[in-house]
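Morning, everyone. I have one structure to walk through today. Have a look at it first, then we'll go through the details.

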Amino acid sequence: MVAEGLAVHVPYRGVQAVLLPVEELEDAYDLRALLEGLALKLAAKRISDEDLARMRALLPETVVGAEPGTIERVWKSNWEFHMIAIRASGRRHLERFLQQLMHLTNAYAPLSERTEQERMEVATNELEAHTRIVEALEAHDGELAQTLMTDHLQTALSTLKACL
């Protein structure tokens, strides 16, 4: 991660994620939306019933709950949720690029944990977005899955920028 520029070594503190300036964060989200949208468009043709079932099972785990301190659990579940669909695209280079972009954008996840009311609003929106993405993939509608993912990531960026 340090060699890829996704983290920095801080003496006596270990490794920390790189936090980008807002303009670079916007670039990273734009690239992620473009590439992840493409991955889902491709995945819609190839995704297995087992992958879809796993994504459905992960839905409640991909959003922050009312209780504080859920970021780590949610981050892992959200990562898995997104990676199932990305891997289903069958494009290993696309998967690798997206993993790097996800590391850059997900470094900000702890900053998005706010008040209980704010967490619940974000959770409701996230769950709805994830559910609609799964439904598009279940219908094998690549165009819709691409659009929904792009919208989802742009909404995530807007929510994050409001916290910065």
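How many aromatic pairs does the structure hold? One. Before the details, a reminder that this is a predicted model.

So, the pair. The partners are Trp75 and Trp79. Their ring centres sit 5.3 Å apart, and the planes meet at 20°. Planes under 30 degrees apart count as stacked. The pair is therefore stacked.

Where do the two residues lie? Both are in helix α3, which covers residues 71–88. They are four residues apart, about one turn of the helix.

Next, cover. Is Trp79 buried or exposed? Buried, because its relative accessible area is 16%, and the cut-off for buried is under 20%. Trp75 has a relative accessible area of 27%, so Trp75 counts as partly exposed.

Now to the charges. Which residues form the negative surface patch? Glu23, Glu24, Asp27 and Asp30. Take Asp27 from that group. Asp27 lies in helix α1, residues 22–46. Its relative accessible area is 46%, so Asp27 is partly exposed.

Finally, the whole chain. The secondary structure comes to six helices and two strands. What is the order from the N terminus on? It runs β-β-α-α-α-α-α-α. The chain has 164 residues, and buried ones make up 43% of them. Trp79 is one of the buried residues.

That's the tour. Over to you.

Methods:
Residues are numbered from 1 along each chain as its sequence is written. This is a predicted model: local features need pLDDT of at least 70, side-chain atom pairs count only at pLDDT 80 or more; totals for chains, interfaces and linings use all residues. Side-chain values use heavy atoms; hydrogens and water are left out. Patches are made of residues with over 30% relative accessible area and no salt bridge: like charges are joined within 9 Å, nonpolar side chains (Val, Leu, Ile, Met, Phe, Trp, Tyr) within 5 Å. Accessible areas come from the Shrake-Rupley method with a 1.4 Å probe; for residues, only the protein chains shown count as cover. A salt bridge is a side-chain nitrogen of Lys or Arg within 4 Å of a carboxyl oxygen of Asp or Glu. Lys and Arg count as positive and Asp and Glu as negative; His and the chain ends are not counted. The place of a charge is taken as NZ of Lys, CZ of Arg, CG of Asp or CD of Glu. Buried means under 20% relative accessible area, exposed over 50%, partly exposed in between (1.4 Å probe, protein chains only). Rings of Phe, Tyr and Trp (its six-membered ring) pair if their centres lie within 6.5 Å; planes under 30 degrees apart count as stacked, over 60 as edge-to-face and the rest as tilted.
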